[in-house]
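Good morning, colleagues. I would ask you to look at the model on the screen while I go through a few of its local features.

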Number of protein chains: 4
Amino acid sequence: MTLKLGMVGGGEGAFIGAVHRIAARIDGQWELVAGALSSDPERARSSAAALGIKRSYDSFAQMAEAEAAREDGIDAVAIVTPNHMHVPVARAFLEAGIHVICDKPLASKLEDALALEEVAARSGKLFILTHNYSGYPLIRQAREMVANGELGRLRLVHIEYVQDWLTEAATGKQAEWRTDPARSGAGGAIGDIGTHGWQLAEFVTGETPAALAADLTSFVEGRAVDDNAHVMLRYASGAKGMLWASQVAVGNENALRLRVIGDKGSLDWAQENPNQMTFTRFGQPKQILTRGGAGASEAGLATIRTPAGHPEGYLEGFATLYREAAEAIRAKDSTGVLPGLKDGLSGMRFIDACLRSSQDGGKWTELGG
Amino acid sequence: MTLKLGMVGGGEGAFIGAVHRIAARIDGQWELVAGALSSDPERARSSAAALGIKRSYDSFAQMAEAEAAREDGIDAVAIVTPNHMHVPVARAFLEAGIHVICDKPLASKLEDALALEEVAARSGKLFILTHNYSGYPLIRQAREMVANGELGRLRLVHIEYVQDWLTEAATGKQAEWRTDPARSGAGGAIGDIGTHGWQLAEFVTGETPAALAADLTSFVEGRAVDDNAHVMLRYASGAKGMLWASQVAVGNENALRLRVIGDKGSLDWAQENPNQMTFTRFGQPKQILTRGGAGASEAGLATIRTPAGHPEGYLEGFATLYREAAEAIRAKDSTGVLPGLKDGLSGMRFIDACLRSSQDGGKWTELGG
Amino acid sequence: MTLKLGMVGGGEGAFIGAVHRIAARIDGQWELVAGALSSDPERARSSAAALGIKRSYDSFAQMAEAEAAREDGIDAVAIVTPNHMHVPVARAFLEAGIHVICDKPLASKLEDALALEEVAARSGKLFILTHNYSGYPLIRQAREMVANGELGRLRLVHIEYVQDWLTEAATGKQAEWRTDPARSGAGGAIGDIGTHGWQLAEFVTGETPAALAADLTSFVEGRAVDDNAHVMLRYASGAKGMLWASQVAVGNENALRLRVIGDKGSLDWAQENPNQMTFTRFGQPKQILTRGGAGASEAGLATIRTPAGHPEGYLEGFATLYREAAEAIRAKDSTGVLPGLKDGLSGMRFIDACLRSSQDGGKWTELGG
Amino acid sequence: MTLKLGMVGGGEGAFIGAVHRIAARIDGQWELVAGALSSDPERARSSAAALGIKRSYDSFAQMAEAEAAREDGIDAVAIVTPNHMHVPVARAFLEAGIHVICDKPLASKLEDALALEEVAARSGKLFILTHNYSGYPLIRQAREMVANGELGRLRLVHIEYVQDWLTEAATGKQAEWRTDPARSGAGGAIGDIGTHGWQLAEFVTGETPAALAADLTSFVEGRAVDDNAHVMLRYASGAKGMLWASQVAVGNENALRLRVIGDKGSLDWAQENPNQMTFTRFGQPKQILTRGGAGASEAGLATIRTPAGHPEGYLEGFATLYREAAEAIRAKDSTGVLPGLKDGLSGMRFIDACLRSSQDGGKWTELGG
């Protein structure tokens, strides 16, 4: 009944690999049976042993081939490597006929991402990008409310995703690869967290900005990538927006916030307290909507595990993507609301446009694509 | 590597059974392999099948016997029945030499609870009571801070656990058994949620009130148990407290809040936003402590799965108890900080004292025990 | 056009005298022209000079007599002395035919307060007690909403008024007289702030508890009056309540909060952020009502000076009482919603019942009166 | 002892005139004795009568001349007309040797503002611009903390000033002149509220951006001025910023917020709850600083009227400017921290640069000046 999952990356000490494993377990839809958890075969093996994973491989290529050949091979692979490896690994598994669940951003370079599109299409397999914040129940509700016109015509989209963990020249495995353009891509904060904000806004509004003006900064001396991004947005519909991504915003842990404002109403949601969202109909008192509480919409209720007042968090939002991935695979269906290649490419175009704009002195720049 | 779990109660439509199952999965320490999920054998079987549980039993007694006899029998049983069945089921499994993880409150009657004490002692097996709120990282930190004297000598303990789901004469499976004295016990709100608040305060402060004065009310006509409880508390140490438990507090979902105030500092934590807690040292600015953030204590850090700013919630707190249960079983150790029989008996004495006080017109009443 | 105000008490270094003077000025309805600002004539004179007050008296008795005799004598006197002087001063001015605006609590002893009743009735003059928190616009709205039945039948009233300024054995003029039974009355926290909470609840709900059980404590060694009070309340209507007043609640500055819960809805308001209040209709999302904002009621709008989003605070709430006092005097009308002798006597009975209950071990005690 | 104040504008129905009058009264430093309250002499007279103002003039020119000639003439004039009249009125009074307290923005056109500079310098009189938000105690403290280096080297400045009252094509006196370029100036939201945010950031940080890129929008059909402004900022120091001003941000009443982030710490303050501000030292728990509470700085304490926990609001912040104006006039001193012509000119340059940038497609534009 459960589906079989493999994992590439995510060996000892990795943050996001552990998150994927918990997310996969929460709803009991997946069993983790195979892995190439590190590019260092020794570490891959010891990590697999520590986690009780039966089949450990020395490389992802070997794993793709071997799993494809087994009758009880994995149904899907979770890719949790540094960014520059996402595309080669995804390609290998898609070509081997195995569904892919990939961490974001899609790639370290736009060209790599584009190349993947054809591979994915040819494979007929699912490609799911774990933009996990779109798994939060109130984000599902926000998307539904916008689609139902409860905000009227959209005018303003304000996105903040600010942290402070790179305020100083940081050390440690996480900080190291996330600020190394070779592994992370040319975008620093915009790639690592800006793409999350970008995708979340797209997910909720259903619109993608047509142009942007970006002012990227590296505040910490010697840092090779941006650690702060100020971006203004213009939508084809006439809506306008602002996006602020920062890893040097002292006093912020993981402060992702989305405000969407139309001519009839507005929504305001913040990731650090994800079980509530405010909604204002113009001219009426602001309402506090809660996950699963009074006023919860169908889409919001479909993703909850506990009643209102019993907070769900980051891991549950992530788990929703894994549950929906299992459902999509079983249904041999498209990914439904699940983020996928389209989101990944949009994110890469966002990074690319930010870099072009910023290098051009902050000029307004078309998104392209 | 994983331990084997059985479950009694928790068939289709049950709330807390599903919570226990997720909690048991989150950290990958348990596999659910057996169950007597309903007192109705038909429903037990169909529920087990739907959940992919291999061994379904017609009764808990049959299950205790059969599992004890198997070489690959369950390591522990999770009891998630209505309250009046906790003791008989626990007794059967303890006597069969199987560890017990039991939902709260311990029993529907104090006598039943007391009877269990000897059984448990004789069995040499663990009895864990899932007072899940004590699994929250910041509650662990609060306990540590109090023990370390960061609040000074305790003066005041204020506990609120208020909901509104029974504001009207409710219907539905949950409302039905929770307001039926035969199944739930003579305490309504005090038993269902008051005991949580009581235990949480004990857990954090390390002190148990010596006397209380309680004013229990049934606001909804025809309701056989209290739906609101006002209680004043006196500690042997000279500290004083108030406890408010309500299921008719319109505008509250699951608002458990604990404030502990000493002569040097104070803490304030609320379950609905469990990833932050305020701490004030007398004469200094209030601080916002976050789960895993700056100022996190060792005890708080020991239980987290994600970094600061990535909210963990109700299910993760619950899961911590399951993880620690697995660790305790493996270590053949006592339960450490895990709530157990002692907490359960304290809760029963709390209910009993509230009922006695209230029936006596709200008179101050010794806890006994 | 402006009315003429005198002041007794409120010399240099006094807190509440300065507050009354600002409150009287804000709406331009009063001119402060006379004073007996201190019982020490020297200090009275220098204080008056510093404030530009034209007529300074050596004693309140002299002032009452002289002002009553002048054609341009004061219309009203503001009494801002320590509590034990409220009644003698009020009596002198009422008997001289001068309206009285008196700080709370009404007296240091219940007998004194009762004696004033007849004096006031005979005088035909207004007696206004500055329970200033009832001047906040959202409190006016809360009262109106309760009266209009928007909360349904009241079930629960929860009052907190907690501070921490007396956490340690305090020194200073303010701390000194407020903890001296001879000047402040036998009630410490219950008299100084508990009466505010009590009056606010009465003001909003229109109901007075019929009985209470009180547990008063002096946490600080050597303190002659209570610094913490836990009180449970019973209303004749069947509603229940809790009141917590504290001056040792570390981490709280001036945290007055009122929650009123009925069978159809509930309100929650906190003095430290007085420009918003939440309102929940059972089964609907919680609303944030703002002073002057969407959903503001007539009574709320009648008292505001600035539009929504331009916060008004403590002084404006206080000023509303002065404005309404001027209006009442001009209209030769009763005091309307203004708190007066009735509120003062209720507060004295509250203190008295708390003391009797607490001395009797916390027994339930009738209010009397 | 009190100073004598005159007023131009602020007749019946005007919002800001009433605010100035209350602000001038709060600290008892001013007496309002003369006015030209409307350009319509009839309305001027009836307004003056209603307010008890002794000397009413038919025109500001007449008033300047007459008051300058009197021995007991006004010490200062408060200008509360629509924006286009600020400069002509200010010029008349300065030239008559009368101090000026003028509402913001300084002018409707940059040229007019520049012309005033020389007039003011020649007059030797004070010119105070009521950027009232700089009167809030915690804003004074923020300024002091930045100056003392508690935030380290500044990196980021984020300013929001968003309202929703012009979400629809509005009617009414206020909406009318504030959206009419002839009276309000070419800037809509940026002039009316953007300048407040701009000035507040300058006041707190002590730095003025060197360049900006602005995207101004009129969302409401037929509106002649911007109702939403997105602006990115660059400081000469290398700091960066964003400013969002909006009058169509549904769900916001008067949401002015300032965040200042350095490499060692950060501050976050919001006008609608002005009695608290958060402060984070990098790597330490966030602190909640309160007006007058623990951690209050000298500059913050210097402006408060009530102790911590007794909220002061908009009117008190405004009143602080009037009190300081009186002190400056008495001391024949410069304006100290009071905002003046320099702030006004900076605001005009901000509007001008926004308009130039936006007309140029959102290009980065030097501030000039």
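The crossing of helix α3 (residues 60-69) of chain C and helix α4 (residues 86-95) of chain C is right-handed, a crossing being right-handed if the near helix is turned clockwise from the far one by less than a right angle, and left-handed if anticlockwise. The contact is made by C:Phe60, C:Ala61 and C:Ala64 of α3(C) and by C:Val89, C:Ala92 and C:Phe93 of α4(C), where contact requires C-beta atoms, placed from the backbone, within 7 Å. The axes of α3(C) and α4(C) come within 9 Å and cross at roughly 15 degrees; axes are lines fitted to C-alpha atoms, for helices over the stretch in contact, and angles run from 0 to 180 degrees between N-to-C directions. The two helices are therefore roughly parallel, the term for angles under 35 degrees.

Please note that this is a predicted model, in which local features need pLDDT of at least 70 and side-chain atom pairs count only at pLDDT 80 or more, while totals for chains, interfaces and linings use all residues. Residues are numbered from 1 along each chain as its sequence is written, and chains are lettered from A and ligands numbered from 1 in the order in which they are written. Helices (H or I, at least four residues) and strands (E, at least two) are DSSP runs, numbered from the N terminus.

I turn to chain A. Among the buried residues are A:His86, A:Val89 and A:Phe93. The cover over them includes β1, α3, β4, β5, α5 and β6 of chain A. After α4(A) comes A:Gly97, with a positive phi near 80 degrees.

Strand β1 (residues 3-9) of chain A is likewise largely enclosed, because five of its seven residues are buried. β1(A) runs parallel to strand β2 (residues 30-36) of chain A, with six bridges between them, and pairing requires at least two DSSP bridges. Within that pair, A:Val8 stands opposite A:Ala36. Five bridges join β1(A) to strand β4 (residues 76-80) of chain A, also in parallel, and there A:Gly6 stands opposite A:Val77.

Conventions
Buried ≥ 20, exposed ≤ 12 C-beta atoms within 10 Å, placed from the backbone. Parallel < 35°, antiparallel > 145°, perpendicular 65-115°, else oblique. Contact = placed C-beta atoms within 7 Å.
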